[in-house]
Amino acid sequence: ALPIVNGQPAPARVSGVGSAEYEAGRWFVRGQYQREGAAFMPLAGYFLGDRQGPSGEVRFQAARGVTLFGSAARMSNNVENVEDVPSLRSTSATAGMCAQLPGRFFAIGNYSVIGLRSRLTKEEAPSNTENRLAMLSLMKPLGRHSLRFSWREMSLRTPGNPSRMRSLELEENATFRRFTVGGGTRMDSRL
């Protein structure tokens, strides 16, 4: 049992991450489980603690220059079950493909489904959202420069306020030995 401080469980002092990877031939598989208590703080100014759950990814090189990939995760917070901390649980799954095209073009496409279940208090009914993201990118290296064009469509399925948004992005980066500069622009439209 956790020690009690001010009527609430004290933050766990032990956090951990376990991971296993397998790579052979055209396959790469990784599975991971993490449990980070509220006291977990890896770097000053960045808070990543108070979460736990499994995640995994798979990559398969289907042909020369063509890679299929997928990932999934299920995370929840409030590891110590503190009563006045909102409860969040997320699930995500992504599948996609990366391909090298003629003319040194590279294309990446992926589709993601992200679910979030939140509850501010134990008495409140949970709120569920399910969001979807489709994205296609085309990249082309040109000497020291790299151009990227992306199309993205998001479907936000929140209770009482569903929405869709589409965006187009153009980005350019230039590298000079150890120094890289870049910039981009995005045009968003609601559907």
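This is a predicted model: local features need pLDDT of at least 70, side-chain atom pairs count only at pLDDT 80 or more; totals for chains, interfaces and linings use all residues.
**Close-up 1. Phe60 is buried, at 18% relative accessible area.** Buried here means under 20%, exposed over 50%, and partly exposed in between (1.4 Å probe, protein chains only). Local features need pLDDT of at least 70, side-chain atom pairs count only at pLDDT 80 or more, totals for chains, interfaces and linings use all residues, and side-chain values use heavy atoms, leaving out hydrogens and water.

**Close-up 2. Here's the one aromatic pair in the structure.** The ring centres of Trp27 and Phe60 are 4.5 Å apart and the planes meet at 40°, so the pair counts as tilted. Rings of Phe, Tyr and Trp (its six-membered ring) pair with centres within 6.5 Å; planes under 30 degrees apart are stacked, over 60 edge-to-face, and the rest tilted.

**Close-up 3. Arg59 lies over the face of Phe28.** The distance to the ring centre is 4.2 Å. For a charge to sit over a ring, NZ of Lys or CZ of Arg must be within 6 Å of the ring centre and within 35 degrees of the ring normal.

**Close-up 4. Lys140 puts its charged end over the ring of Phe105.** Here the distance to the ring centre is 5.0 Å.

How values were computed
Residues are numbered from 1 along each chain as its sequence is written.
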